[in-house]
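This briefing covers a structure of two chains and the way they meet. Please look at the sequence and the model before reading the points below.

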Number of protein chains: 2
Amino acid sequence: MTGTFSPGRRWLVHVAAAGVLLLAGGCTSMRADPLPSWNEGPVKQSIVAFVGKVTTPGSSSFVPVPERIATFDNDGTLWAEQPLYSQLLFAFDRVKVLAPQHPEWRTTEPFASLLKGDVKGAMAGGDKALLALIAGTSTGMSSDEFDTIVGDWMATAKHPRFNQPYTSMVYQPMIELLAYLRANGFKTFIVSGGGMDFMRPWTEKAYGIPPEQVVGSSGKIKYEMTAGRPALMRLAEVDFIDDGAGKPVGILRHIGRRPIFAFGNSDGDLEMLQWTAAGSGARFMGIVHHTDAEREWAYDRQSSIGKLDKALDQAKASAWTVVDMKSDWNVVFPFQKK
Amino acid sequence: MTGTFSPGRRWLVHVAAAGVLLLAGGCTSMRADPLPSWNEGPVKQSIVAFVGKVTTPGSSSFVPVPERIATFDNDGTLWAEQPLYSQLLFAFDRVKVLAPQHPEWRTTEPFASLLKGDVKGAMAGGDKALLALIAGTSTGMSSDEFDTIVGDWMATAKHPRFNQPYTSMVYQPMIELLAYLRANGFKTFIVSGGGMDFMRPWTEKAYGIPPEQVVGSSGKIKYEMTAGRPALMRLAEVDFIDDGAGKPVGILRHIGRRPIFAFGNSDGDLEMLQWTAAGSGARFMGIVHHTDAEREWAYDRQSSIGKLDKALDQAKASAWTVVDMKSDWNVVFPFQKK
């Protein structure tokens, strides 16, 4: 009776076929999960749902590819900012390297304290001390020379707690999110309070974000022609601070479109998130809440670095997505992957 | 004797076959010419040869896709800048529209002269008058409002000589060049002395260049929150002049990479071309020389708009590519196509 089945056997065949389909479907969707480091739950769901609706042709929330602009803060959003911003740790290292050429630093703050190993004393001078530090260590050379200095430091310096290169201190779930957005036609930008030229030498490799999509704070630059060779010289004068209310301004200047997707982690990102939220159509506003002292750090309203207070209140009031690092991420740094 | 040929007839067949091949080859290459508005000659050849060598894997001049950065001046390079920069003609029109709200303009220069139709008198005040004009007509509103004003003007205003919309005053050969570069993996940027926010509402449609790839001059911007609605307000204060030595600075700030290909038409582009030329590896520096009074305009060393003097000397000394508009372009504006 080859080729024919009793009703019972026919039923079995259907069930078996359906099982194969279910298994295949399950495997496909597991294999295809673009956000494996995000635990299932409302946060992951809010991301996937948003990307789904803005990329579905015919959806009332559909957004054409050129307008799929996503902006990310850097420090504390894409990589760690504790115990201090990496750019400061870079500047500290530069002070040590450059000290022999600057005998006056032995009696000038914040350099004097730093050279004695007293970071707290150096930081006591506040913003003025920080700017003096950056001016003293990151200006007076050409942009090409600075690129090389940053690149060399990134290749050799290690994070004080994790003993990893700084470019390994990136958040694995955010790396996946950036790639997921790009795979869905988004253009991903960094909009950071950090120095633009401190980020650009390594963001393409670390995040897949090219230099022209990195917006940040910057100093004045001067074009100089010396013996027929032009150079762009870094001057010891602040040009633009891309933080707080500066972020929407930096976005307008550099991008010229309002993001539909923005992610930050501190009050310095509040205006960027507000600006994103105030546009028409579908919008996604996300905040990384640092809640994991074991794998990373736990800090928010009281922190001097990455203070998250007003933005956390507004996130709750406006139903923005708040990532609870401890429960929403099954891995934080790539080197912690099992 | 079907199927065999005398030596004479065999020769004929070969010639016929070769003819078919030649014709086919000719048709293919004519159909595929990405620069049909460029006449054959050394200028077109220099472009095609450059693109060929930087995109050929294994070539000693090969440049990876992310580093294929091409920068173009706008006024006089991608579109017409005579009899006056379009942005000035826009400001003149705005003076007429806004005059009823500004009775004081009747006695204040440059507005008073303009309202009497005396452009020369208005321009007599030089840069100071121009800045007053732009401050008076293009600031004090939000960035979104300004976008709309520019878009509306572009949709309705006509060029005084050709009676065409300004977005039709683009150069057909340059449109082809932009598309040709993009098809070869280049990222194309505008780097213009003109106002960034005056260009961004229409460059994507006119040139295929999105707002985030438009670098230009800009005024200060302030983030303001009014009744819970954020706005980016345009202030009457210059922030950055993207001209002359400002162009390499604008390139560093916005792009963060040195172009390998740059095109300009005036002394205001000299530093951008020098900066491009001073990089390592293959480089292309081009200048549009306005030599066609009939189809466009003829001007260079003596012109008050788009003066081309030092850059023309350096182009000759350094063997940069100089486009002779009259002989190198078989069409100038798209509306002149036959």
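Predicted model: local features only at pLDDT ≥ 70, side-chain atom pairs only at ≥ 80, totals over all residues.

Chain A and chain B bury about 3,200 Å² between them, and a rotation of 180° superposes chain A on chain B.

**Confidence**

- Chain A has a mean pLDDT of 92, with 91% of its residues at 70 or more.
- Within chain A, strand β1 (residues 69–72) has the highest confidence, at a mean of 99, while helix α1 (residues 7–32) has the lowest, at a mean of 46.
- The pLDDT is below 50 over residues 1–29 of chain A, and this stretch has 2 contacts in the model beyond near neighbours in sequence.

**Symmetry**

- The rotation of 180° that takes chain A onto chain B comes with 0.0 Å of shift along its axis, and the RMSD is 0.0 Å.
- That is the relation of a two-fold axis.
- The C-alpha of A:His254 lies 3.2 Å from the rotation axis, which is the closest approach of any residue of chain A.
- Both copies use the same surface, as 100% of the contact residues of chain A recur in chain B.

**Extent of the interface**

- On the chain A side 35 residues are in contact with chain B, and they meet 35 residues of chain B.
- Of the area buried by chain A against chain B, 21% is supplied by A:Glu212, A:Tyr223 and A:Arg253, more than by any other three residues.
- Carbon and sulfur atoms account for 54% of the area of about 3,200 Å² buried between the two chains.

**Polar and charged pairs across the interface**

- Between chain A and chain B there are 10 salt bridges, and the count over all chains is 32.
- One salt bridge pairs B:Lys187 with A:Glu212, at 2.9 Å from N to O.
- B:Lys187 belongs to strand β2 (residues 187–195) of chain B and A:Glu212 to the loop between α10 (203–207) and β3 of chain A, so this pair joins two chains.
- Another salt bridge links B:Arg253 to A:Asp239, with 2.7 Å between the closest N and O atoms.
- Polar contact across the interface of chain A and chain B involves 22 residue pairs, both residues being at pLDDT 80 or more.

**Make-up of the chain A side**

- The elements of chain A that give two or more residues to the side touching chain B include the helices α7 (143–156), α11 (246–254) and α12 (270–277).
- The strands β2 (187–195), β3 (214–226) and β4 (229–240) of chain A are also among the elements that give two or more residues to this side.
- By residue class, the side of chain A that touches chain B has 19 nonpolar, 5 polar and 11 charged residues.

**Backbone details**

- The peptide bond between A:Glu109 and A:Pro110 is cis, with omega about 5°.
- A:Pro110 sits in the loop between α3 (86–98) and α4 (111–115) of chain A.
- In chain B a cis peptide bond runs from B:Glu109 to B:Pro110, with omega near 5°.
- B:Pro110 is placed in the loop between α3 (86–98) and α4 (111–115) of chain B.
- A:Asn163 is not a glycine, yet its phi is positive, at about 55°.
- The loop between α7 and α8 (172–183) of chain A holds A:Asn163.

Technical notes: Residues numbered from 1 in each chain as written. Chains lettered and ligands numbered in written order. Heavy atoms only, no water. Contact = heavy atoms within 4.5 Å. Buried area = accessible area lost by both parts, 1.4 Å probe. Salt bridge = Lys/Arg side-chain N within 4 Å of Asp/Glu carboxyl O. Polar contact = N/O pair within 3.5 Å; in protein donor to acceptor, adjacent residues only side chain to side chain. Helix = DSSP H or I, 4+ residues; strand = E, 2+ residues; numbered from the N terminus. Nonpolar A, V, L, I, M, F, W, Y, C, P; charged D, E, K, R; others polar. Least-squares fit on C-alpha atoms with pLDDT ≥ 70 in both. pLDDT = per-residue confidence, 0-100.
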